Each structure stands twice: as C-alpha cells, then as structure tokens.
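User: I'd like to learn how to read backbone and sheet features in a model like this one. Can you walk me through a few?

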Amino acid sequence: MHRKTIVELQAALEAGQISSVELTQAFLDRIDHHQDLNAFITITAEAALEQARASDDRRDHEAPRPLEGIPIAHKDIFCTQGLITSCGSRMLANFVSPYDATVIQHFKAAGAIILGKTNMDEFAMGSSNETSFYGPVKNPWANQAVPGGSSGGSAAAVAAQLAPAATGTDTGGSIRQPAALCGITGLKPTYGRVSRYGMVAFASSLDQAGPMTHTAADAALLLNIMAGFDPKDSTSVDKPVPDYTATLNDGLKGLRVGLPKEYFGDGLAADVAQAIDASVETLKKLGANIVDISLPNSTLAVPCYYVLAPAEASSNLSRFDGVRYGYRAADYDDLNDMYRKTRSQGFGEEVKRRIMIGAYTLSAGYYDAYYLKAQQLRRLIADDFHTAFGQCDVILGPTTPTTAFDLGAKTDDPVSMYLNDIYTIPANLAGLPGMSIPAGLGEDGRPIGLQLIGNAFEEARLLNVAHQYQQATDHHKQTPEGY
Amino acid sequence: MALDPTDVGKIAELARLEISEPELTSYVHSLTQILDLVGQMNAVDTAGISPMAHPSDSPLRLRQDIVTEQDRRQSFQEIAPATESGLYLVPKVIE
Amino acid sequence: MKWETVIGLEVHVQLRTKSKLFSGAAIAFGAEPNTQACEVDIALPGVLPVMNRNAAYMAVKLGLAIGATINKQSVFARKNYFYPDLPKGYQISQYEIPIVERGKLEIEVDGEKKTIAITRAHLEEDAGKSLHEEFSNNTGIDLNRAGTPLVEVVSEPDMRSPAEAVAYLKKLHALVRYLDICDGNMQEGSFRCDANISMRPKGQEELGTRAEIKNINSFRFVEKAIEYEIERQIDVLEGGGEVAQETRLYDAVKNETRSMRSKEEAHDYRYFPDPDLPPLTLDEEFIQSAKDSLPELPAAKRQRFMDHYSLSDYDAGVLTTSRELADYYETVATHANDAKLAANWVNGELAAYLNKEGLEIDQAPITAKQLGGLVKRIADNTISGKIAKDIFEAMWAGEGDADSIIDSKGLKQISDSGALEKIVDEVISANPGQVEQYKNGETKLIGYFVGQIMKATQGKANPKQVNEILKKKLN
C-alpha cells in the first residue's frame, strides 16, 4: 500500500479497499520502523488516527473532499495549531503554535490527515539538513549521504515512503534540491502563488511553499489545494487557480525546451550531465524542440542570493528575543544579556552566521555596495529569464551539480555548501516556478534530479511536461533498497 | 573584504548575539569567505539598473479598516516565557 | 555673544482608525493589557502585515491640507532595533520615499505671520508600552499600542523661539482635529512631540549640534522643555564646551532635560524595503476622493467668519483655533440670531469660565444651543446683559435653559412703557430734592435715578427705555 501514489490511494479509499485509519496506521508504522532516518521532528500518531477516523465516518455520508483521508507530512516550518512548530531550531523547540498557517488550513479543509512535522535545516538555512537542532536526516538511498535541504525530512519521508506526500518550502532550492537528492518530485511554485502566511519566514521575498511527491500527477493534486489568493499575505497574487490535473495529459509536440549553457558548464558532474542529456532525448522523442539559450547573469546568482537572503533573514529572525514565545536563556544579567544569551543559545551556528552576514550587509556604509548591488543584480537575473522565455516555453537543466554528498562533507566549508544551490537559486531570485523530477541514478547509485523552470504562473505547463516525462520513463518509480 | 575580530564583535552586538572567543575566530574566517563570495557581484556593472525588491510588480493591496481580531491573550500568553497580570515580563529596562 | 535658537519638530500623530496599520486588531486606549494585540501585533512566527486603507487615506488628507506633494508610490521599510516593546525587532516605517513630502504650515506669533516648512510626513506603526513601575525587578510589556498607525510629521528647522514652536504645534494639532484624523489627546499620547534644538551665533549660517528632546506631552511642557534646553546649551557653549548630539528626556516634575544614556549607543537601524509589503501605490481617484472629503480648513473658516458674521480678524482667529470651538460658536450664533454678540459671549464669559475650571470646549457644561438661547434673549431685549451674567452662572451650575431660568426667577426685562413710566413717576416723586438739582444743571444725576429704578425693579428694567422715559419726564 505504501508504494502507491496519492491518485492510487484515493481510488483505493473510494473503492473501500482500505480505510483512512488503516492507511494512516500503515504509514505511522513505517515512520516508527524507520525512525533512524530522523525524518520527523514530531509524530502526531494519535491525532492522525483521530482525524482518519473522522474522515472515514464522513466518507460514509458525505462526498469526499479532494484529499479525503490522505495522510500528509508537513515541513516543521508551517505553523500548526496545537503542535510544536520548531523550524528545526532550539529557539522554537517549545513553541506550540496558537494558529494554523494558511497552507495547513487548506490541507485540513481538503480532508487530509496530518502525520507529523518533518525535520529540516534550522530556519530553512542549509542544503543538507545538517543544521537542524534535531540532528541530520539520513538519505534513504545511502545512509551516509545527506538528503539535501532544507526540506530534507520531507524529501526523505517521501522517498522512504513514510508518507505518500509532504509539504516543503523553497527559498534557494529547499524543495528541488532535496527532491533531487532523494529521487522524488518537488515543485516550487511562482512567488505569490501559495500563501506565505503562517510559514516561518526565512527570506520573505524568496520563500515559497510547494508539494513534494512521488509523481507530477500527485504534485498537481497537492498544488490544487495549496495554491490560491490569501488576503492575509500582501505578496499573495489574486489570480485564479487552474485545475493543475486537467492539462497533465496534453501532448508535448512543438514544446520549446531551452537549455541554458550556463547550467552545463564546469562543476557539473559527468554522471549528472549524462542523465540530463538522456532526459533531453526523451523529451525530443515526445515531440519537444530543443533551443539553446543563455542566462548570463545566473552565474552570479549565488553571490546575489547570499546578500539578499541573509539580509532579510537577519531582520525576520529579530523577533526571536525570548520575550513572547520560544526559548529564553536561563541566566542573564540584564535585558541585553537576556537577548544575547537567548539568541546565542537558541540559534545554531549557520543561522548565526547568516544573521551576521545580513546585519553586516545592511549596516551603515555597506548597504549600497552589498544590498543595493544585489537587488540590481537580481533585476538582471530576472531579465535574463524574461528574454529566455521569448525563445522557449520551459527551461531544462540539472537540479544540482552532483548527487547527494556524504554527511559531514561540507559542514566545515559554508561556501562549498552554498554552491550546491547554484542551479536552483536563479528561479527564486526571479520568482519563477521550478520543479525537480527524478532522472535516474548516478554512478554512486544516488538519485539525479532534472530541473524544469517555467515562466511566472505556468506551473500547469511544468506539471504537464513532468507528467509526460514520467509516462515515458520509470525513474520516479525507483525506490531505495529496504523501503 | 576581510573582516577582523572587532568587526565581527560589532556585528554580533548589532544582532544581539554573544560570540565566544573560539567561535569568534571561526566566524571571522567563514564570514570573510562569504564576503569574498558575494564580492563576485562586482564583476557585473549594475550602474543605472533599478533595484528589484519584489519578484512581482503588483502594488500593495489595501484592506478595509475593520476590526477582525478577537482577544486571544490567554492562548498567546500560555506559550510566553514570563508573564504577570497580562503583561510580558522582561528584565528591568532602565531609561 | 548673541545666540540664535534653531528648532525643528517631529510630531507623531496617532491616526483615528478602527483597526491597526497592519492588522485587524482593535485600537482603543485603556484596554486591559495585551487584549488588543493579535497574532500579527505580537509577531508570532509566520505572520504577515496587510495595510489599512484608511490610514493611507488619512495621511493623504493631512498631506493635502498642508499643501504637500502626495507621492503616488511610497515604500515601507524596516527600521531594525531591539527593544522589548518592539515585537518584530523592527518597526515598519517609511524611509526613502514617504507618502507625503514638502508641505507647509503658517503660524502667527504676536501678530507676526511666518511659514514653517514641513519636510515630510510618513506612515509608520507605533510600538507597545513598557511599564517600569509595576514590578520591582521586571519591566512589563503591553503590546496593545503596537501596530497603531502613526503619521510622523517632520518640520524643517525653521522655528526660532519656544513661542514659535508652540504656535506650530498648536496649529498642527488644530489641523489634525479639523481633519478628524487624530483625537489630539496629548496626555494619552495621541499627539506626541520630539524637539530638535540647537544654538548658533547670530548671523552664522551653519547649524549647531542639536539635541533631541523626546516625548513632550503638553503644549506647556514643550515651551518649558525648549526654554530649559536653550539655557542649558548656552551655558555649555559659553562655558567653552560642546553640545553633545544626543537624545534627552524632559522631566516635567523637575523641569529639566536629561541625557538618555541607555539610548546613546550608536544606532544603526539597517533600513531596507520591507519584502512583505509591495510599494504603496495611490491612484488619482484615491487622492481626489481624499481631496473631496476635506472639511473647511482653519484659514478658510476664519475668513468666512469675518465675511459672513462680520467678526474681527482677532475674534475669527480665536474662534477657529479648534474645530470644536468653531462648531460651538456657529451653533451659538445660529440660535442667538446675533453673530457678533454670540462671539463676545463665547470669547468672553464662556472662555473665562472654561479657563478658570481648566475645561476644554467639549467639556463645557453649557451646550452651544443653550448659550445661543441665552444670547438670543439679550439680543431681543428680554433680559439685560447684566442679568444675563447671572443666568449664565445658573446655567453653568446646571439649572437649565435660559428661558426656564428667566421664567422661574421672573427675570424678564420690563420693557412695557406704561409699567416703566409708573415706576419712573414713583421714583421722581420720591426724590424731589434730586429732581430740583437735576433741573439746575446737575445732569449726571440721571445715573442716580436709573440706579433707583433698577433697584425698584431688581435690575429688570430695560435700561435704554428707562433712560428715554427719565429724560422725557425730567426735561
């Protein structure tokens, strides 16, 4: 049962082959059995079964809601009423949220069951899940490898089939990169498509939530639930949400697929390059035309991002001061000492590093050289995409330069860790939708991700391309041994 | 752009972080590395380019001036580190 | 050396919206602590701001009223600093591009008119309150005020004396009341003033180093705080010292300003555009609608009072110092049928009583309609001005309307010529000696006769008629 997609589970529930309670219990058992992966921070077994029972009762006399009785895991960045929402940090390890994020409300209203909250890099700052206060997550494909980050717990949970699907958030690649490294499907929507209300903020102008699933079809189902205008989010876009499942089966004949030369240069591992080349061939066979394009400024996306994201983060994380909620240091001399000790003990090393970079680049005398410069560069990067989409319909490239690296391999070298997001960051800066889908395994037997980037609000087209690709290949059906 | 321990100390104070001596050395190193990375931006001439603060061009949406929120002090203060008589408590602030 | 004082004021005007600037929590002074602080106001993780349309509307009205430029696009920025009454660790304010720029306000001191330039007016959210007194070792934080919309009005350093500063403040205060965008309550902090003060040798162009005096909560304290600060700075300068650029707090009890050492550390607010809020964009329709909603402003009202009610410039000026007073006066005038007499009573008797008891016009125990009723009875000769003062006192004490007091106390003026002639005859026949003297040329004795007649009528005789009848009978 755990091998099934959501589309298949819905059918099984509808046909009465299984109840939501049985389904939920099956996944809870798997979560329990694979605790060594450390994919979850909070497991809500009792509440999940309670919700499943209510869903089964409801199904007896009411039409099922879109995700009726389907268990889902949520990244621990979404505020969930009555549950600890830790964001992977000691700072919020005791924070029981008094409200639900809009995304969580949507899932509840759609009839989905909450299995638990997944592990993540602290405050979503990381590409390996190693910055979590709760310890690293293991990659189900290779226990010595990282699952990617920051949505590493969600990616590992789906890859290990501890949950049929999970939510993630993506500021610089935090959905796509772990999806690639764990061999699953992950979609970061257009900025403004999914409400940010109730999602603990990392970098407000970049953060976007999205689904992490086995298939593009499942991602379409979840995005149908997650997307939509939210009056509580001033950056949410008031634009109708299409039915993302409706266009999955459209043909790809004449589709113009752009290959940016900057995504295939030095630093791209040979096995990854090979897998992407093979995917290009598959799409050609499906009728797509290949176009060579260029995103010249995207090579500077990482430096640009490491000014903007830490700057916003340094301000966003100022609210964690030990006054109204969360961690407060046990001993302190006075107010400032309370602030300093609370924040130094409550935040981990990487978070402190980014707060300091952000405080520095915004400070008097440096703003123009760093922050303003980065905002200008951001414009150039976005303009590159604008030009590119005059020549093609979707952009294709690798999600990451390599397959999953080993735990500990990059923890002492933040810059080399940052460079892992070199192909994912540009879409965040431009606010565009991006997707990662499995494209085979590398020489080390670890998954390779194929990235698709679309024009603003063209999630439906990305899902269509991904779905057609998944109809023609079976990379997404591969499962790690032992799961 | 190389930072020295004094710079890092100042930044830490601005961000209300307490950094121990051994940590300081490591932060000086890694923050300098990161500033070298972001310094690569200077390879591009951005003179005259309008800064991009938001991914979309849509204007600010304004809401009607109506009260929509109820008093939830009790549930908010259940999760607070220290409260008394409905107030959040912090160490004495001297003005 | 002759010193010149240079003063610039920053005034925080709390807007009278129903809900907060970026949340749907209520705004009301004096509520139980933290009961009007919602999840956005207490900055729970994940919450986001959504802008109140009415706050923008009020700011635009103010901008239009001071003849300023309204920026069709303005930007909210984050001002970052740590303080326990600032829940997010930053204040959402406007920095590089405010909603209002380049306005002016005309003031008048000792009959001299002067224009004070206003640099800018920007929207921002208020912080909460820190209560230092309640607990021995702790400070209590109340976030009810956090997120309340403010407009900060920043003047140019155009004022040269405490009197000018107070005149500017009063003018601005009257204006925000006229516009009905602020309740103007200085005690409750709805209208707060910070003063930047510096001294320079007379004739010098360059500005001296300024000190900023924070949160002065009455017009009187503004004057006193500035006076104190001027003396202090002159002392420092003449003693060969330098004025420190610093923030100082005015202590009304000791009547002194003192350095706020805790705020002295160098601030680096790290302003940057708030990524949660796209630029505030106002279209022509929005601005036009604000323009159409503007009430009659003080200068226009003053002119109308002169033209329409034939009041003097002085009277019209006094009566238009506040919207409440002007409204009160107009109601009195309407009911009295004599606009000038109404002005005399409002600016005279009423003002004296209010002043004596320390009341504001909206706290007057006599309603405008009641006062109009009293003035009407003077105008139509039902009572004399002297009797009217007694009636006014009775009305102040809550004894009712003028007409009922006149009736119950029988204070109606005797204007019946037959009755008056009878009394005059009685007085003449009772004082033959005085009549004789009068006829011999001591005409000032007419006052004696009037006095006798008033005594006989308990002051109710119509003095004009009494005079006429007397003269007729005696000559």
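Predicted model: local features only at pLDDT ≥ 70, side-chain atom pairs only at ≥ 80, totals over all residues.

User: What is the phi of C:Arg102?

Analyst: The general idea: most residues other than glycine have a negative phi, and most peptide bonds are trans. C:Arg102 is not a glycine, yet its phi is positive, about 55°. The residue sits in strand 7 of chain C (strands are DSSP runs of E with at least two residues, helices are runs of H or I with at least four, both numbered from the N terminus).

User: Where is C:Asn255 found, and is it buried or partly exposed?

Analyst: C:Asn255 lies in the loop between strand 14 (246-251) and strand 15 of chain C. It counts as partly exposed, with 31% relative accessibility. Its phi is also positive, near 50°.

User: Which peptide bond is cis?

Analyst: Look at the bond from A:Gly149 to A:Ser150, which is cis with omega near 5°. A:Ser150 belongs to the loop between strand 3 (113-118) and helix 5 (152-159) of chain A.

User: Back to chain C: what is the strand order of the open sheet of nine strands?

Analyst: Two strands pair if DSSP finds at least two bridges between them. Here the order is 3-7-8-11-1-12-13-14-15, with mixed pairing. Strand 3 (69-70) and strand 15 (256-259) of chain C are at the edges with a single partner strand each, so each has one side without a neighbour in the sheet.

User: How many bridges join strand 7 to strand 8 of chain C?

Analyst: Nine, between residues 100-109 and residues 112-125, and the two strands run antiparallel. One of the pairings to look up is C:Glu106 with its bridge partner C:Thr115 in strand 8 of chain C.

User: And what is the radius of gyration of chain C?

Analyst: Chain C has 30 Å, whereas a compact globule of 475 residues would be near 23 Å (taken over C-alpha atoms, with the globule rule 2.2 Å times the number of residues to the power 0.38). Its C-alpha atoms fill a box of roughly 95 × 55 × 50 Å along the principal axes.

Conventions: Residues numbered from 1 in each chain as written. Chains lettered and ligands numbered in written order. Heavy atoms only, no water. Buried < 20%, exposed > 50% of the residue type's maximum accessible area, 1.4 Å probe, protein only.
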